[in-house]
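Hi everyone, thanks for coming. Could you bring the structure up on your screens before I start?

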Amino acid sequence: MKKIFSVISVATLGVTLLTSCLEQIDPQTSYATQEQVAEAPGVFDKFVASLTSSLAGEFTYAGSDHRVYDHGYPAFFLTRDVEGMDIIPVGTNNWFDTWYQDFTYLAPGWAVTQLPWTYYYGWIKNCNDVITMAEATNYATPAEGREIGAGIAYAMRAMFYFDLARIYSSEPYYKNPSAPTTVKITETTTMAETRNNPRMTWDEAFELILKDLDAAEKYLADYEREDVYTPNINVVYGMKARVYLEKREWAEAEKYAKLAMDGFTMMTPAEYLSRDYGFNSPNSSWIFGLTYKDTDPNILENDGDSSWGSVMTMENGFDCGYAANYGGPNVIDRHLYETIPATDFRKQMFVDFAIDDMDEMAQEEALEAYTDHPTQILASAEAAEYGPGGFEFKFRPQAGMYATKYTAWVIAVPLMRVEEMKLIEAEAAGMQDEARGIQLLTAFAQTRDAAYTYGSHNEAYYNTSSSQFQNEIWWQRRVELWGEGFATFDIKRFGKGIIRSYARTNHIENSRFNVETTPMWMNWCFVGTEADNNKGLVNNPDPIRPDGDSNEYVW
């Protein structure tokens with residue numbers, strides 16, 4: 001890793017120049033004025049489109065360095081979730097082990113702390129630009145014809161700030177509503193204000209987020225989108241459900257989860273386990289998603305290796321990809337896998353650990369239950385010097401493109417599914433009336449495992465304050481939403497510890513940490529240059545790596 005020495009300005013407040021859209025430039029300044037940008041033909045729509053198209057595909061953080069975790073919003077799923085226990089970045093060449101074990105590098109002076117800052121505040125700046133161009137500053141009524149664009153900007157900004165609040169908070173909201181979260185930069189923030197800009201408390205962050213979502217709800221109420229890659233009213237409702245769940249305002253969380261699901265249906269086992277379309281293409285359960293394009297730098301450059309497909313699809317018929325060929329797969333925690341009953345079809349997403357004890361011929365035959373390419377999977381295991389027990393087949397390459405170089409990774413990624421809303425509805429209902437919540441949870445679980453009975457997944461992970469009902473909800477979320485970016489947020493929300501050291505664990509040696517409370521490394525530090533330039537910022541403590549592996553936990 002390398003240290004940061006350059007001074008980085010705070011979320012530049014100017015307007016991005018789209019030269020292809022501009023017909024004139026102020027002759028006395030040689031750059032486009034904000035008014036010119038706002039009035040250029042078609043430029044507003046292009047700015048609005050960029051709010052979602054920029055979520056993936058660009059090397060936003062390190063440019064020509066082509067770092068493998070520099071592939072947009074989905075990369076943050078892994079940077080967060082490997083900090084816990086459910087996803088393990090194994091192998092000889094995995095780019096996500098910094099967040100899994102090398103916590104020293106998550107201190108303010110190290111380069112990767114700039115990763116969320118560069119991405120998230122760049123996205124927020126784009127939202128602020130659209131709000132300004134829509135003449136909606138301070139929640140004013142947008143200019144005629146720009147209401148939908150403003151609504152999309154408000155929805156996206158709320159999503160980004162909600163992520164940042166959870167990333168940087170040192171305590172969950174229910175424990176301390178005054179705990180600091182992240183810094184606030186809106187369309188009215190001046191450069192002078194950024195020099196002394198304290199972190200928002202949870203209450204202040206929620207005030208901003210809910211104002212944004214209220215505005216988005218108003219302006220997107222009648223919006224008919226073309227695809228799931230742009231937020232609509234269902235997405236806004238889903239975001240509100242997430243926010244109210246975090247706030248433990250159960251009635252509101254339940255209400256908005258129900259509204260978000262309108263018009264969507266849960267994935268069937270066939271859709272879930274499809275070898276052609278499994279979690280690479282939108283279906284009836286996807287409320288919101290993003291997609292990589294064949295014109296994206298993340299696909300065209302660096303052999304496509306800096307992409308979600310490279311790190312999360314185990315199958316491809318060409319000599320590229322960290323998961324499939326370079327020895328860098330991401331696998332499921334063995335204990336979590338072993339708690340999934342054989343009757344639960346979701347277990348079929350992950351290779352049985354018993355395969356590791358077979359000879360090669362038997363392994364190849366057994367892998368046919370998961371993939372059409374068992375020989376290649378054995379080669380992947382050899383490259384990783386691991387497995388193949390625990391390999392995941394949730395995320396598949398593009399249908400019919402297994403052997404087509406790079407195009408195999410031109411895939412979509414879910415950001416919100418109806419299944420998540422079902423689990424929010426059940427949790428929120430159960431925290432008001434446990435019997436009703438159990439009924440909803442059981443109905444959900446039995447679509448995955450017809451033999452499910454309530455009470456079979458009550459593992460507290462050191463946290464005895466969680467009820468059996470909450471533990472059952474948490475287990476369902478861990479399995480259903482594996483790899484979709486929720487694991488660490490849920491650990492913080494439920495106040496859980498982590499357990500990596502246990503008999504027959506598949507966690508990496510010198511990373512087998514058992515921590516009784518939520519690990520402090522899940523409270524990310526701000527990049528050091530922000531603290532240097534923002535006198536109002538009080539940073540989180542440097543993360544401390546545990547000293548050696550823990551004694552084995554006995555379940």
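Predicted model: local features only at pLDDT ≥ 70, side-chain atom pairs only at ≥ 80, totals over all residues.

Residues are numbered from 1 along each chain as its sequence is written, and side-chain values use heavy atoms, with hydrogens and water left out.

Okay, the helix. Helices here are DSSP runs of H or I with at least four residues, strands are E runs of at least two, and both are numbered from the N terminus. Buried means under 20% relative accessible area, exposed is over 50%, and partly exposed is in between, using a 1.4 Å probe and protein chains only.

So why do I call helix α20, residues 487-494, largely enclosed by the rest of the structure? Because 7 of its 8 residues are buried. Among them are F489, I491 and F494.

Now the rings. Rings of Phe, Tyr and Trp (its six-membered ring) pair if their centres lie within 6.5 Å; planes under 30 degrees apart are stacked, over 60 edge-to-face, and the rest tilted. That rule gives 45 aromatic pairs. One of them is W123 with F160, which is stacked, at 5.1 Å centre to centre and 20 degrees between the planes. W123 is in helix α5 and F160 in helix α6, so this pair ties together parts 37 residues apart in sequence. W123 counts as buried at 4% relative accessibility, and F160 is buried too, at 0%.

Compare W308 and F395: their centres are 5.2 Å apart and their planes at 85 degrees, so that pair is edge-to-face. W308 sits in helix α13 and F395 in the loop between α16 and β4, 87 residues apart. W123, F160, W308 and F395 belong to one aromatic cluster, which also includes Y73 and F345.

Most residues other than glycine have a negative phi, and most peptide bonds are trans. Yet H66, in the loop between α2 and α3, has a positive phi near 55 degrees. And the peptide bond from G387 to P388 is cis, with omega near 15 degrees. You'll find P388 in the loop between α16 and β4.
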